[in-house]
Amino acid sequence: MMSDPYEKLATYLLSSTSTSPPTSEALQVHINAIRTTVVPKPGVLSTIWPGILQVLAYPILTNETITLLVDEVVEPIIASGASTWEEIKRTVGDAETLLETSKADTNGKVKKAAIGFLSFYDFSDGEQKGHEIVQEIVGIITIENQPEGVITRVENIIDQFLTNYFAVRPTVIRSALEIRKAGKNSATIISRVQELTLTILRHNTTGVDDIPADLLNYTVTQDDILAELMTIQFYQSLLDLYLPPTIFFITKPTYLEIANICKSSSATNLERSAASRTLGRLSRSREDVFSEIDSSLGIVKNLTLRDEIDRTMLALIPGKYIATVNPQLIRNFPVSTASLVDILINWCHSKEALDLLRVDTPKLTKLPVPELLRVGKALAESYHGKRVLVGLPGVMEVLLTRRERMGYRIMRLRGDIVDTLAESDSETLGLYWYDRVQEERVRGHWGREENGEPKVDIMDRAA
């Protein structure tokens, strides 16, 4: 008696005809049986594929049926790794056949599955053949109307190949460069090349600086604002990666162009906002490059709290840098303004900025409790911040005192502050606050009940 759900489904598919194709209802019954009872095992593709191939060849087939077969039957086999390249070549087709399917004018689900099968490619057909296959796979990104799911699958396979077969790296780089130099590419193709470049760079763990400048430098300012924003995002994404310093000196002219967008009166707020976030991130990741750009354009010294885009940058640029270039901005900062708390939190991480900020209990306690707790958490994360906190007993009392009807978010913040302060020694916090913090930690994040308003029996003083 046949009990394997895949065998039952295979029999059902093979018994169908073009005039009586599988119904979605019957397919769903078989799929439910597979989903609830079976993990795909090696060899299952050979069992199921003849029936799938027969059904996919029917001239009239609903998208719902194709989706069920591919998403619920084929894709789990690919995802589970329950096959081999030898089985795929024998059952589904060789690399050339799969590539033809991925480029054909056919259902996007089928194309995505074809590329998924290529992820099993094991380069057993020889190094030269393998590099040709990789080049063909990369070339799929040049097909303008490919569904994004197909492109994402291509990017994932290239990532997989770069992980498992380091020897393909030069081929991937060369293929991306050929696409880049091929002439006037659309914004869509350029964004795909940029994403592929990021994938290559993520595998730059050896520190080898082998990325051509043409894959790193793009014109940012464009008539197509979406293309411009995607290019700015590419340069922000570079800052998330561990890269050789030379890459940022190669790209410095482009970051300079991005900085000019921040200053431009003709740029839209959308453009300036994206540019400011990237420039702010640059200041954190590569202060040397940022400093050179700032020296030539005078960006930081002209930042104000009135401009929303400027405020975005001020929440990102290290306080130490701002304290050096624009100290008056910090000295005049309105500490009790809740809408500016992200900037205050950023500066709380810098001793130099804290030395210039005029923080005291009356100003800080004017902040709403959630914002005050966020500031307290930032201060608790550094030695100099802790010293500021213990010099403000009124603030400490608010941070350590439990209030009725506190929401989960506030209690979580309060708990984080207590845990962070509890890691300090008595010399840093002073004996009184050291003991108080340890008491609160023992009580747990929900702290102690308060009796009336927080009582401050110590005069605010510099610690």
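Which residue forms a salt bridge with Lys 252? Glu 292 does, and the closest N and O atoms of the two are 2.5 Å apart. A salt bridge here is a side-chain nitrogen of Lys or Arg within 4 Å of a carboxyl oxygen of Asp or Glu.

## About the model

This is a predicted model, in which local features need pLDDT of at least 70, side-chain atom pairs count only at pLDDT 80 or more, and totals for chains, interfaces and linings use all residues. Residues are numbered from 1 along each chain as its sequence is written, and side-chain values use heavy atoms, with hydrogens and water left out.

## Salt bridges between helices

Side chains of opposite charge can pair when their charged atoms come close. By the rule above, the structure has 22 salt bridges.

The pair Glu 292 and Lys 252 comes back here: the salt bridge has its closest N and O atoms 2.5 Å apart. Glu 292 sits in helix H16 (residues 287–297) and Lys 252 in helix H14 (residues 252–263), so the pair links distant parts of the chain, 40 residues apart. Helices are DSSP runs of H or I with at least four residues, numbered from the N terminus. Glu 292 is partly exposed at 41% relative accessible area, and Lys 252 is partly exposed at 22%. Buried means under 20% relative accessible area, exposed means over 50%, and partly exposed lies in between (1.4 Å probe, protein chains only).

A further salt bridge joins the side chains of Asp 71 and Lys 109, at 2.8 Å from N to O. Because Asp 71 lies in helix H4 (residues 63–80) and Lys 109 in helix H7 (residues 108–118), this pair ties together parts that are 38 residues apart in sequence. Asp 71 is partly exposed, with 26% relative accessibility, and Lys 109 is also partly exposed, with 31%.

Arg 272 and Asp 307 meet through their side chains in a salt bridge of 3.4 Å, N to O. Arg 272 belongs to helix H15 (residues 269–285), while Asp 307 is in the loop between H16 and helix H17 (308–314); the two are 35 residues apart. Arg 272 is buried at 11% relative accessibility, whereas Asp 307 is partly exposed at 25%. Salt bridges with shared partners join Arg 272, Asp 307 and Asp 310 into one network.

## Cysteines

A disulfide is a covalent bond between the sulfur atoms of two cysteines. The cut-off used is a pair of cysteine sulfur atoms within 2.5 Å. A search of the whole structure finds zero disulfides. Cys 262 is buried at 7% relative accessibility, and Cys 348 is buried at 1%.
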